[in-house]
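Dear colleague,

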Amino acid sequence: MLQEPGRGLDLPGAAKAGHQLFFANMSFHRSGAPKLSAEQRAPWKLRDKKNLPGGAATDIGMQMTLFDMTPDQKAVAVRARLEDNDLTRYCAAIVREHAMRAGWSKRQRNDVTRSLRLLQGLRPSPTAKVRATDVLQLRQYSGNVLSTIDVLAAAGMLIEDRPTQIERYFAAKTSTLPPVMKDQLEIWLQVLVNGAHQAPRQIPRDPKTIRVHILGIEPIIHAWAEAGLQSFAEVTRADITAALEETKARRHIAGNGLKSLFTTLKGRRLIFANPTRGLKASPKGSTIPLALDAAVIREELNSPNPAVALAVSLVAFHALTGKQISELRLTDISDGHLILGDRDIPLAGPVRTRLTAWLDHRNRTWPGTANPHLLVNRRTAPRVLPTSRQFPWSGLALRPRVLREDRILHEIHATGGDIRRICDLFGLSVEGATRYLNTLEHPDLARQDEQVPGT
């Protein structure tokens, strides 16, 4: 404002008479902006509020954050009370579609709309995509998180930057390791998760396999770090042999995890030699299934929680797995029969009683839900996703795997070792059924307590 035409900037004079709103000694020029089209000149309020615009409103680039500041909750709440904004208009049709398909109540639909208004005030720019980690901040504003993420993903406005479950598990197990070791493990994790196109080539591994690898090597690598090792390049064949000899219960999975780790590091030239090359695989450990206390099973079968009673009965009488229970759909049960793949299972009387009690509770609690799965809870009722495998087992003394083993163990003893019947009844392989068959002559497994009635 103080610069005279034809003369340079007077920086001392600007500092005395005003505020300097630019970085000094940098090139400065104005470029003419192109004229806006008729569509660009039209304000949002003149466009259709009830339908999506023709194209997604996204930024070509994203301005990097200069300062991280915590938003003022009062200011964000005031902006959220505005009648409408760009994000709510853009997602209006998708919100209606999700509400109709998932059976949302009016309250939940309003909560999602309010959450979108909150996000409009939290976005770095009016047209920027929304990060999933920013949506998680809605909890401090009493906003809806899960359904809002579903709506933004369907609208193409979501940037998924939440760490996966396996990444959180990996971070928890490696947080205290030396920096070099941790960096090498992160490279190994990326290869397992995403695969590799360069030698040694590898397809992406299942998250369960990755978790088992981490579980097997975690105590070994921490012992090496405590011994003073800073990098896996310092590990020798003798170190690996000694570590596997000390490992008993997890020796097989520990050996497989170490082979995978050092093969990847050698392929990326992060170590000089692969100390596991030519190492024989450790024999797979075999455990003996044990019987449970019948009183504990009876107590959970008569649980006042209808979801717990139904889940326990399905495992105790028909030996379903936790995954099968969480994925069961309402249409899988018909005329007292459970259709599970190519198996037709007649439901036992106690299971039918608990199934009826659960369906009555389900209809009373979530009458408008469109979730097709048999088990639902507060988080999944307004969606169409299955519950987690921890539902409803969290807080119980029983685990579905141990309860399933008890059911199969009782059946193998009741039939006198009819392995063909066990395979047909529970969908086991011959190798899996042999594990239970080997308990017939075991003296420590003589069942002296009373069994659960009907099992």
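The notes below concern the pocket, the salt bridges and the cysteines. Please bear in mind that this is a predicted model.

The largest pocket holds about 2300 Å³ of space. Of the 48 residues that line this pocket, Lys-208, Arg-211, Val-212, Arg-389 and Arg-401 are the closest to its centre. Among the elements that give two or more residues to the lining are helix 11 (207-226), helix 18 (400-414) and helix 20 (430-437). By class, the lining comprises 18 charged, 17 nonpolar and 13 polar residues.

Seven salt bridges were counted. Arg-401, Glu-405 and Arg-435 are linked in a network of such bridges. Within it, the closest N and O atoms of Glu-405 and Arg-401 are 3.3 Å apart, and both residues lie in helix 18, four residues apart, about one turn of the helix. Glu-405 also meets Arg-435, at 3.1 Å from N to O. Because Arg-435 lies in helix 20 and Glu-405 in helix 18, this pair ties together parts that are 30 residues apart in sequence. Glu-405 is buried, at 11% relative accessibility, whereas Arg-401 is exposed at 56% and Arg-435 is partly exposed at 23%.

A further salt bridge joins Arg-407 to Glu-411, with the closest N and O atoms 2.9 Å apart. These two residues also lie in helix 18, four residues apart, and both are buried.

Finally, a search of the whole structure found zero disulfides. Cys-91 is buried, with 0% relative accessibility, and Cys-423 is likewise buried, at 13%.

Yours sincerely

Notes
Residues are numbered from 1 along each chain as its sequence is written. This is a predicted model: local features need pLDDT of at least 70, side-chain atom pairs count only at pLDDT 80 or more; totals for chains, interfaces and linings use all residues. Side-chain values use heavy atoms; hydrogens and water are left out. A disulfide is a pair of cysteine sulfur atoms within 2.5 Å. Buried means under 20% relative accessible area, exposed over 50%, partly exposed in between (1.4 Å probe, protein chains only). On a 1 Å grid over the protein atoms alone, a cavity is a set of points where a 1.4 Å probe fits but cannot get out, and a pocket is an open set with protein on both sides within 12 Å along at least five of seven lines; lining residues have an atom within 4 Å of a point. Grid points are joined across faces, edges and corners, and a volume is the space filled by probe spheres set on the points. Ala, Val, Leu, Ile, Met, Phe, Trp, Tyr, Cys and Pro count as nonpolar, Asp, Glu, Lys and Arg as charged, and the others, Gly among them, as polar. A salt bridge is a side-chain nitrogen of Lys or Arg within 4 Å of a carboxyl oxygen of Asp or Glu.
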